[in-house]
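Please keep the sequence and the model in view while reading.

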Amino acid sequence: MGRIASTCLRSLLKFVNSMMGLLGIAMILYGLWMIRVWQRDTDGSPYVDFNSTGPWFIYTFLGTGVILGVITCLGHFAADSVHGCCLSCYMMVIILLLLLETAMAADILLNSNWEKDLPEDPTGRFRDFEDFVKSNFDIFKWICLLILLAQGFSILLSLVLRTLGPDQKSYFNYDSDEDYASERLPLINNKDQPPPYINVIADPRFSSKSDTWNAKK
């Protein structure tokens with residue numbers, strides 16, 4: 001029963017963790033598409049302003065996707081190994097990510113001029129993405145809520161697995177090992193045993209006849 005519970009917890013952690021991986025892959029693909037469009041637009045432009053800032057929004061988008069992918073790999077490795085150190089590192093990374101997301105959400109909600117704090121985007125993709133989010137705000141709201149729930153659930157599952165301990169696989173197999181200990185014991189103590197002593201007692205009649213025959217001879 002314990003092994004089944006542990007397997008279910010590890011599988012559930014992998015499933016919840018894969019949601020962040022899918023989000024990271026989507027962000028990487030969208031970032032690559034934005035780079036492709038920006039390069040196509042700049043190749044046909046006769047004038048390039050070298051004093052303007054770089055495409056920070058595209059690079060930030062790509063970097064966030066890569067970070068989410070790395071966190072997903074770390075979560076899968078922690079779920080497979082069920083090691084306390086890996087689970088603790090994974091929980092710390094998720095907690096830091098949640099704190100960063102909370103700080104960004106609070107700044108956007110409380111600061112009405114948060115856009116002025118950002119540098120100018122020469123590609124114009126930040127403005128397009130902002131308009132796209134505003135036009136599909138309900139969908140993005142549910143997506144963000146789902147990601148936050150997945151991150152919180154990942155912390156809870158990691159904490160449960162860490163509480164069970166790293167040696168839970170062998171711990172759950174102790175009962176079955178004791179059941180078959182008696183069967184494996186002869187194989188472990190496979191030593192050369194001396195042959196059983198057979199006590200042969202000769203019949204006195206045969207011994208006396210053999211003595212008489214030897215005397216006559």
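UniProt annotations may be inferred rather than shown by experiment, and their positions are given here in the numbering used for this chain. With that caution, the unreviewed UniProt entry annotates residues 12–36, 56–77, 89–110 and 139–161 as "transmembrane region". The model discussed here is predicted, and its secondary structure comes to 9 helices and 0 strands.

**Overall fold**
- Read along the sequence, the protein follows the pattern α-α-α-α-α-α-α-α-α.
- Of the 217 residues in the protein, 23% are buried.
- Among contacts in the protein with a separation of 6 or more, 82% are accounted for by residues 24 or more positions apart.

**Two of the annotated spans**
- Residues 89–110, one of the spans that the UniProt entry annotates as transmembrane, are 100% helix and 0% strand, with end C-alpha atoms 31 Å apart.
- Residues 139–161, another span with that annotation, are likewise 100% helix and 0% strand, and here the end C-alpha atoms lie 33 Å apart.

**Packing of H2 with H3**
- The axes of helix H2 (residues 56–81) and helix H3 (residues 84–110) come within 9 Å and cross at roughly 150°.
- Because angles over 145 degrees count as roughly antiparallel, H2 is roughly antiparallel to H3.
- The crossing in which H2 passes H3 is left-handed.
- On the H2 side the contact includes Leu-68, Ile-71, Leu-74 and Phe-77, while the H3 side includes Tyr-90, Val-93, Ile-94 and Leu-97.
- The residues of this contact of H2 with H3 divide into 11 nonpolar, 2 polar and no charged.

**Packing of H3 with H5**
- H3 also packs with helix H5 (residues 137–164), the two axes coming within 9 Å and crossing at roughly 155°.
- H3 and H5 are therefore roughly antiparallel to each other, and H3 passes H5 in a left-handed crossing.
- From H3 the contact draws on residues including Gly-84, Met-91, Ile-95, Leu-98 and Glu-101, which belong to a set that meets H5 residues, among them Leu-148, Gln-151, Ile-155, Leu-159 and Arg-162.
- The residues of the contact of H3 with H5 divide into 11 nonpolar, 5 polar and 2 charged.

**H3 in both contacts**
- Leu-87, Tyr-90, Ile-94 and Leu-97 of H3 are listed among the residues that meet H2, and these residues of H3 are also among those that meet H5.

Methods
Residues numbered from 1 in each chain as written. Predicted model: local features only at pLDDT ≥ 70, side-chain atom pairs only at ≥ 80, totals over all residues. Heavy atoms only, no water. Helix = DSSP H or I, 4+ residues; strand = E, 2+ residues; numbered from the N terminus. Axes fitted to C-alpha atoms, helices over the stretch in contact; angles between N-to-C directions. Parallel < 35°, antiparallel > 145°, perpendicular 65-115°, else oblique. Left-handed = near helix turned anticlockwise from the far one by under 90°. Contact = heavy atoms within 4.5 Å. Nonpolar A, V, L, I, M, F, W, Y, C, P; charged D, E, K, R; others polar. Buried < 20%, exposed > 50% of the residue type's maximum accessible area, 1.4 Å probe, protein only.
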